[in-house]
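Let's take a friendly walk through a protein structure together. Keep the picture in view as you read, and look up each residue as it comes along.

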Amino acid sequence: MKHPSPFFTFLMSFSAFVLLSTTGVLAQSKYMTRNGLIRFEAEGPIKDDIKAVNNQAGCILDASTGDILFKIPIKSFVFKKALMQEHFNENYMESHKFPTAELKGKIEGFKPEVLQKSGVQQVMVSGKMTLHGVTRDIREPGTMEVKDGKILLRADFGVALADYGINIPKMVENKLAKVAQVNLSIDLGPTGQ
Amino acid sequence: MKKLFRFILVFLLLGIIGIGVYRYLWRPNDPMNGQKADYQVLAHEWVEEFKINEQAANQKYLGRIVEAKGVVREVLRDSLGGMNVILESGDSFMGVNCSMESGEVAPQEGSDTIVLRGEFTALSFDVCMARCVRISSPK
């Protein structure tokens with residue numbers, strides 16, 4: 001009986017490895033995270049370090065349709081100054097009434113095959129964002145990259161506070177920006193579903 | 001002489017008031033280590049409470065300091081060096097998600113039963129707590 005050459009065995013094993021690795025990405029239907037990063041900055045003309053970080057953004061992406069859902073606990077935004085944190089929650093976001101923000105939408109033109117492409121791709125997310133009890137249509141650009149079996153989403157966009165019923169008292173008009181800058185850094189891993 | 005004394009006294013008083021106002025305006029969040037818990041819960045019972053009546057549980061716990069006890073399901077890291085500890089709840093999806101204070105040591109996944117004290121923030125994909133610290137003996 002003739003045994004296959006070591007090179008042939010290696011070639012077959014390597015091919016099987018590559019096939020399983022690449023189809024692993026397509027085979028996954030849902031990707032999610034529980035510790036998505038959101039950075040928020042709303043500094044006005046008078047500099048007062050109005051920025052916060054939240055590392056409890058939940059996000060789930062259906063890789064078969066491009067449907068995407070974000071759910072963000074508002075009180076998980078952490079400021080350096082306690083008074084700023086209190087004002088943010090009690091006076092502006094009223095987090096006791098509206099404890100979470102939500103975005104339900106879709107990555108436009110999403111096809112599962114894009115997960116096989118390497119490199120950073122430009123994407124557009126559209127949908128409905130609910131913040132401070134107000135729901136509005138949004139459409140914002142971002143980037144998507146498939147790396148090491150994960151989907152990395154990045155976006156920078158502005159949120160006009162008045163659009164969501166968040167009023168800035170005249171007394172602090174110079175300290176707080178009318179449009180808050182939001183930076184999203186979301187790394188989605190496969191859920192196995 | 002009397003005038004000088006009065007001037008110094010007023011100056012000192014203004015200084016003390018100024019320091020007090022500055023410290024109030026610029027104070028950081030109270031360290032979680034020194035705070036007393038409003039509630040002590042078991043992770044699996046706590047998640048169950050939210051599944052039964054989310055609105056009531058939100059009203060009860062929002063902004064409160066909670067000590068949650070459970071087995072560590074997962075330890076997550078973000079790109080800024082932040083750490084989240086997910087406590088097992090018996091539910092395959094939802095757990096107790098604790099965003100840890102900087103400087104906290106990562107616990108062992110799967111084996112450690114720990115108590116984490118933090119502020120309940122909201123029900124998201126998990127029951128979320130922020131500014132969490134690990135405590136050895138509950139208060």
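## Before we start

This is a predicted model, in which local features need pLDDT of at least 70, side-chain atom pairs count only at pLDDT 80 or more, and totals for chains, interfaces and linings use all residues. Residues are numbered from 1 along each chain as its sequence is written, chains are lettered from A and ligands numbered from 1 in the order in which they are written, and side-chain values use heavy atoms, with hydrogens and water left out.

## The two chains

Chain A has two helices and nine strands. Helices (H or I, at least four residues) and strands (E, at least two) are DSSP runs, numbered from the N terminus. From that end on, the elements of chain A run α-β-β-β-β-α-β-β-β-β-β. Of the 193 residues in chain A, 44% are buried, where buried means under 20% relative accessible area, exposed over 50%, and partly exposed in between (1.4 Å probe, protein chains only). Among the contacts (heavy atoms within 4.5 Å) in chain A between residues at least 6 apart in sequence, 62% join residues at least 24 apart.

Chain B holds three helices and six strands, in the order α-β-α-α-β-β-β-β-β. Buried residues make up 42% of its 139 residues. The C-alpha atoms of chain B fill a box of roughly 80 × 35 × 30 Å along the principal axes. Its radius of gyration is 21 Å, while a compact globule of 139 residues would have one near 14 Å. This radius is taken over C-alpha atoms, and the globule rule is 2.2 Å times the number of residues to the power 0.38.

## Nonpolar cores

In soluble globular proteins, nonpolar side chains tend to be buried together. A nonpolar core is a set of buried Ala, Val, Leu, Ile, Met, Phe, Trp, Tyr and Cys residues joined through side-chain atoms within 4.5 Å. The largest one here has 47 residues, of which Phe77(A), Ile107(A), Leu115(A) and Met144(A) touch the most other members. Strand E9(A) gives the most to this core, with six residues. A second, separate core of 26 residues includes Ala68(B), Cys98(B), Val127(B) and Cys132(B).

Let's look again at Leu115(A). Leu115(A) sits in the loop between strand E5 (100-107) and E6 of chain A, and counts as buried because its relative accessibility is 3%. From Leu115(A) to Glu90(A) is 25 residues in sequence and 42 Å in space, C-alpha to C-alpha.

## An enclosed space

The cavity is lined by 16 residues, of which Phe70(A), Val125(A), Glu140(A), Ala155(A) and Leu184(A) lie nearest its centre. Strands E3 (67-73), E6 (120-131), E7 (134-147), E8 (150-160) and E9 (176-190) of chain A each give two or more residues to the lining. The largest share, five residues, comes from E7(A).

## A helix and its cover

Helix H2 (82-92) of chain A has buried residues including Leu83(A), Phe88(A) and Tyr92(A). What covers the buried residues of H2(A) includes strands E1 (30-43), E4 (78-79) and E9 of chain A, together with helix H1 (2-26) of chain B.

## Residues with a positive phi

Most residues other than glycine have a negative phi. Just after H2(A), however, Glu94(A) takes a positive phi of about 45°. Asp148(A), in the loop between E7 and E8 of chain A, has a positive phi near 55°. Is Asp148(A) buried or exposed? Asp148(A) counts as exposed, because its relative accessibility is 77%.

Arg131(B) also has a positive phi, near 55°, and is found in strand E6 (127-135) of chain B. At 10% relative accessibility, Arg131(B) counts as buried.

Definitions and conventions. On a 1 Å grid over the protein atoms alone, a cavity is a set of points where a 1.4 Å probe fits but cannot get out, and a pocket is an open set with protein on both sides within 12 Å along at least five of seven lines; lining residues have an atom within 4 Å of a point.
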